[in-house]
Amino acid sequence: MKKVRAAIIGAGFAGNFHTNAYTRVSGVDFKIKYVYDVVEEKAVALCKKWDIIEQVAKTYEEILEDPEIDVIDIITPPVTHLELAYQALEAGKHVICEKPLTGYFGEEDEEEPIGLTVPKAKMYESLLKDIDECRAKFEASDVLFMYAENYVYSPNILRSAEIIEAKKSKIMYMKGEESIRSSTSPASAHWSLAGGGSLIRLGSHPIGGMLFLKEREARARGEEIGIQSVTAETARLAPNLNEHDKRYFPAKSVDTEDFATIIITFTDGTKAISISNDNTLGGVKNYVEVYTNDSALVNTITPADNLSTYFLDEDGLEDVYISEQLQEKLGWNKVFVSEETLRGYLNQFQDFVDAVAENREPLSGLDLAYDTIKVIYAAYLSAEEGRRVDF
């Protein structure tokens, strides 16, 4: 059995999703040797919660210098992604990177808050340079880059890809959405830390999923299909409400958007629409609808419909998880069952560990990370300037 040793960087909310999936990895002698977080108490708590994690690292350098470490899983705010990835690359460690790949986080001489003061044209040009540099560095190395886009690994999306490939269907139109009630991360309020708002944080999922399906179609049909253009609208909805009206939306956005919708036009003339916002009550909403020349494939990722509950009170339910960002458990609700499977985390990390063990490319890699963030920043530019952005 092949051996893989990993380190987790970042012990926040997403760290639990990743570690939960790692506990189910099979067919490989896999262990998490370290977890590291700048807030050591968070790393200690994650280590205690999951027996699969062996120890807390005092520094990132300690991990980089350990010859046993094969792969580093970066689960930190987007502003740190490229720096941490480059350090791992230089140390010869394979990289798993949470979405998004990167973003624009400001320069020293810029007026704060940058999300409201820096032109999106400047952000877009800077981002293109950064992601081109990232692609060049990893392509020139033997280090694998694995992009943690769980939509790609959802059983729904994987089965849709299988059907599209088998039928050699032509995708005419796709619509995807991830919407929720605010964010759990304090960093999400600041463009300088998150690189944007609901579009980059939520919209990256359906965008990544739809780009993956379009790539699968092109491969099955022997066609070259790229991205032709992006058109978008964004808004800051909740910040415009009075305190009473926005009482159910706890996020305190400083300069990030909480609503975005974009239209992607592919080089074959077909379309995809992505919707993302932080103003949706009732739990997280994830889906991708695919309409082809000979089929309709409706991927409902969450909420699933395999368990519904009805409660008149919440006695004893304090620690019972019903759904992400669902505050009230009274009345009818759709419970997240096997969330780690339906949202793709199990398939994702099994693929990543296998990729390291077999030294092969993952299903979700650098190309998808590159295209997704390029679409997102083209959308920001489109929304600000009120025009289509051509690739």
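Author: Pro 303 sits in the loop that links strand E12 (296-302) to E13. The model discussed here is predicted.

Reader: What makes the peptide bond from Thr 302 to Pro 303 worth a remark?

Author: The bond from Thr 302 to Pro 303 is cis, its omega being near -5°. A second case is the bond from Lys 99 to Pro 100, also cis, with omega near -10°. Pro 100 belongs to the loop between strand E5 (94-98) and helix H5 (114-117).

Reader: Why is Ser 182 called buried?

Author: Buried requires under 20% relative accessible area. Ser 182 has 2% relative accessibility, and therefore counts as buried. The residue is placed in the loop between E7 and H9, and its phi is positive, at about 65°, although Ser 182 is not a glycine.

Reader: How do you know that Arg 181 belongs to the buried class?

Author: The cut-off is again under 20%. Arg 181 reaches 13% relative accessibility, so it is classed as buried. Arg 181 lies in the loop between strand E7 (171-179) and helix H9 (191-194). Its C-alpha atom is 16 Å from that of Glu 243, a residue 62 positions away along the chain.

Reader: Why is Ser 338 called partly exposed?

Author: Partly exposed covers values between the buried limit of 20% and the exposed limit of 50%. Ser 338 has 40% relative accessibility, and so it counts as partly exposed. Ser 338 has a positive phi of about 55° without being a glycine; its place is the loop between E14 and helix H11 (339-342).

Reader: Why is Asp 319 called exposed?

Author: Exposed means over 50% relative accessible area. Asp 319 has 79%, and is therefore exposed. This residue is located in the loop between strand E13 (308-311) and strand E14 (331-334).

Reader: Which residues form the negative surface patch?

Author: The patch consists of Asp 313, Asp 315, Glu 318 and Asp 319.

Reader: What does UniProt list for residues 186-390?

Author: The unreviewed UniProt entry lists residues 186-390 as "domain: Gfo/Idh/MocA-like oxidoreductase C-terminal". In the model, this span is 32% helix and 24% strand, with its end C-alpha atoms 34 Å apart. The entry, likewise unreviewed, gives residues 5-102 as "domain: Gfo/Idh/MocA-like oxidoreductase N-terminal". Residues 5-102 are 36% helix and 27% strand, and their end C-alpha atoms lie 25 Å apart.

Note on methods
Residues are numbered from 1 along each chain as its sequence is written. This is a predicted model: local features need pLDDT of at least 70, side-chain atom pairs count only at pLDDT 80 or more; totals for chains, interfaces and linings use all residues. Side-chain values use heavy atoms; hydrogens and water are left out. UniProt positions are given in the numbering used here, feature names are shortened, and annotations may be inferred rather than shown by experiment. Helices (H or I, at least four residues) and strands (E, at least two) are DSSP runs, numbered from the N terminus. Patches are made of residues with over 30% relative accessible area and no salt bridge: like charges are joined within 9 Å, nonpolar side chains (Val, Leu, Ile, Met, Phe, Trp, Tyr) within 5 Å. Accessible areas come from the Shrake-Rupley method with a 1.4 Å probe; for residues, only the protein chains shown count as cover. A salt bridge is a side-chain nitrogen of Lys or Arg within 4 Å of a carboxyl oxygen of Asp or Glu. Lys and Arg count as positive and Asp and Glu as negative; His and the chain ends are not counted. The place of a charge is taken as NZ of Lys, CZ of Arg, CG of Asp or CD of Glu. Buried means under 20% relative accessible area, exposed over 50%, partly exposed in between (1.4 Å probe, protein chains only).
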